[in-house]
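I opened this entry to look up a ligand site, a chain and a helix. Notes follow in the order I took them.

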Amino acid sequence: MNDREIFPVEVPLLTEDEKKRAVAMILDTAMPAILPKSAIWRELCRTAGMVGLRTLFFGVGDCFFLAALVMCVCLFPAAAVMAGMARAASCLFLISPAFYALSHLLTLWKEYQTRTLEWKWTWRISFRTILALRMLVLGAVSVAGSILVCAVLWSLERQAVSFVWMLSVAFSALFLYGSLSLLGQRLWGMRAVLPVPLAWVMVSLVPVFWEPAAVWLMQIPAYVFLAAAAAGAGFYLIQMYYFVAAGISGLDRRLGI
Amino acid sequence: MLSVERVTKCYGNLTALEDISLDLAQGVYGLLAPNGAGKSTLMKMLATLLFPTKGRILWDGEEIVAMGERYRGLLGYLPQDFGYYPNSTPRQFMRYAAALQKIPRAETDRRISRLLELVGLSDAADRKLKRLSGGMLQRVGIAVAMLNDPRLLILDEPTAGLDPGERVRFRNMIHSLAEDRIVILSTHIVSDIETIAGRIIMLRDHRLLCCDTPAQICGRFRGKIFQLPADAQIMPHQHVLSEGQGENGTVLRVLSEMPPEDGVAVAPSLEDAFLAIYASKREGA
Ligand SMILES: Nc1ncnc2c1ncn2[C@@H]1O[C@H](COP(=O)(O)OP(=O)(O)OP(=O)(O)O)[C@@H](O)[C@H]1O
Ligand SMILES: [Mg+2]
């Protein structure tokens with residue numbers, strides 16, 4: 001005997017309209033998609049124009065300097081040595097998102113160290129919008145940097161592999177890393193800040209130190225990497241949209257950033 | 001304007017605030033409670049830095065979290081323990097804050113100069129923040145919180161570290177600001193809010209004890225506060241609130257339901273009321 005037979009009362013079912021509203025409410029909570037997509041990108045552009053680069057990177061300029069220094073002094077020479085051994089392609093996965101990841105980590109660390117976040121969270125422009133703009137600028141710098149690094153490594157490898165192939169590896173690594181780290185931050189907030197780059201380093205070191213993996217990597221054609229890069233870039237922009245939308249609508253503090 | 005509706009805040013197992021309901025309209029509200037009572041917790045919830053575990057906070061009937069940027073635009077907040085970029089100057093830091101508060105560029109410099117003058121820092125405007133004293137930094141903080149001319153100004157212990165002259169200046173400033181906005185400030189220093197707070201919010205045992213005018217709070221202890229010489233015998237039903245220097249040596253201020261022998265009835269001050277309200281708790285502890 002079910003409940004209905006025990007309690008033969010007419011239970012009003014949800015109307016179609018009520019059902020729709022309930023579903024929309026649940027979806028809104030799960031994905032804070034309150035603003036239309038175009039509004040977010042317009043807001044990002046407007047904010048970028050309003051604050052300018054100086055404000056965007058106010059107080060954290062030294063972090064970029066440090067990240068660039070690490071790139072130039074440690075990572076790039078290491079890659080050049082590998083290039084001498086015709087293994088440069090193996091470390092592209094590690095090196096191309098390195099500047100992006102390092103400067104992002106260092107700036108977040110500095111924001112925590114200086115204890116300015118409580119203020120930034122209550123200021124009108126959401127801190128997430130600022131973070132997103134910083135990420136976009138860093139991404140652009142990293143794309144340009146990757147092209148440069150690929151060109152140098154390619155010439156050091158005496159053009160053993162094709163330049164387009166190297167570039168596609170670098171871009172796929174950069175965009176995949178970017179979207180994974182953004183997804184992590186969006187879902188788990190500060191808890192994802194360290195695990196994602198650490199996991200990335202672990203995975204990237206495999207082909208560097210394990211010959212079969214390096215050989216397998218070399219056999220993957222460029223168009224696969226290019227497809228991965230395109231998918232990564234698309235995913236990155238979608239994540240960026242949710243990341244910023246949650247900030248503007250004020251729901252961001254639930255996520256810790 | 002701002003209403004707190006049955007708000008509870010828990011940190012894991014610890015209930016920091018329980019079932020707080022408040023309605024705040026224009027004026028100065030002093031949040032007066034001992035250490036750890038939950039003042040900062042309440043203020044952080046009002047600043048949308050923390051979310052109530054239960055209950056909700058509304059601005060003109062709208063949930064503040066859902067208002068997002070619109071709410072942040074009308075809010076000015078001074079954290080209790082704020083950070084800064086030590087190598088920047090007050091003016092640079094305020095320009096930065098102004099940009100992130102979306103204050104029009106044309107207006108920024110004028111507003112910064114006016115605020116720096118208001119907090120008495122015009123001379124130090126271009127010195128590095130790391131070279132300023134604690135009290136000066138606190139004043140920079142107050143100026144930053146007021147940058148966007150907020151309709152709701154929340155200051156968590158704004159007078160910590162200020163010298164007496166600056167305290168008076170701060171009180172005057174808040175007094176003049178409060179005509180058309182809500183100012184909420186927390187402190188343990190009774191004299192800071194005695195004269196400027198229209199209403200005093202007190203918390204005890206994680207709950208709201210009262211939200212009354214200073215006169216109402218003092219009125220509850222009228223005829224119960226007495227001054228006694230230091231060597232007087234204290235009965236079990238009497239509580240010594242404080243010790244002070246009278247004309248003829250040390251005197252005690254005592255809370256007592258009945259007039260003690262050789263006790264002189266005195267007008268209760270807000271400090272007496274504060275000490276009396278939290279006396280039982282301290283003795284119990
Ligand atoms: N992030 C946190 N996690 C766990 N407990 C916390 C946290 N923040 C505050 N508490 C606890 O909540 C209670 C209220 O803290 P709160 O900082 O609000 O007090 P307060 O009245 O501002 O004190 P003070 O006068 O010292 O500034 C305290 O018991 C404190 O230990
Ligand atoms: Mg506090």
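Before reading any surface value, I noted that accessible areas here come from the Shrake-Rupley method with a 1.4 Å probe. I also noted that this is a predicted model.

**Entry 1: chain B overall**

Chain B exposes about 12900 Å². Carbon and sulfur atoms supply 48% of that area.

Next I checked burial. Chain B has 285 residues, and 54% of them count as buried. For this I kept the cut-off at hand: buried means under 20% relative accessible area.

Then I took the dimensions. The C-alpha trace of chain B spans about 70 × 45 × 35 Å along its principal axes. I counted secondary structure too: chain B holds ten helices and 14 strands.

I ended with contacts along the sequence. I took the contacts in chain B between residues at least 6 apart in sequence, and 66% of these join residues at least 24 apart.

**Entry 2: the shell around ligand 1**

Which residues come nearest to ligand 1? I found 14 residues around the ligand, and B:Gly36, B:Lys39, B:Ser40, B:Thr41 and B:His188 come nearest.

I sorted the shell by class. It has seven polar, five nonpolar and two charged residues.

I then asked which elements supply the shell. In chain B, β2 (14–24) and α1 (39–46) each give at least two residues. The largest share, three residues, comes from α1(B).

**Entry 3: polar atoms at ligand 1**

I went through the distances one by one. A polar backbone atom of B:Gly36 is 2.8 Å from an oxygen atom of ligand 1. For B:Gly38, a backbone N or O atom lies 3.0 Å from an oxygen atom of ligand 1. B:His188 uses its side chain: a polar atom there lies 2.8 Å from a ligand 1 oxygen atom.

How much of ligand 1 does the protein bury? Taken alone, ligand 1 exposes 630 Å², and the protein buries 61% of that.

**Entry 4: helix α11 of chain A**

I moved to chain A and picked helix α11, residues 211–219. I found A:Ala213, A:Ala214 and A:Leu217 buried there. Why do I put them on the same side of α11(A)? Because they cover an arc of only 100 degrees around the axis.

I checked the other side of α11(A) as well. There A:Trp216 and A:Gln219 are exposed. Exposed means over 50% relative accessible area.

Conventions. Residues are numbered from 1 along each chain as its sequence is written. Chains are lettered from A and ligands numbered from 1 in the order in which they are written. This is a predicted model: local features need pLDDT of at least 70, side-chain atom pairs count only at pLDDT 80 or more; totals for chains, interfaces and linings use all residues. Side-chain values use heavy atoms; hydrogens and water are left out. A residue is near a molecule or strand if one of its heavy atoms lies within 4 Å of it. A polar contact is a pair of N or O atoms within 3.5 Å; within protein, one must be able to donate a hydrogen and the other to accept it, and residues adjacent in sequence count only if both atoms are side-chain atoms. Helices (H or I, at least four residues) and strands (E, at least two) are DSSP runs, numbered from the N terminus. Ala, Val, Leu, Ile, Met, Phe, Trp, Tyr, Cys and Pro count as nonpolar, Asp, Glu, Lys and Arg as charged, and the others, Gly among them, as polar. Buried means under 20% relative accessible area, exposed over 50%, partly exposed in between (1.4 Å probe, protein chains only). Contact means heavy atoms within 4.5 Å. The arc is that of the directions from the helix axis to the C-beta atoms.
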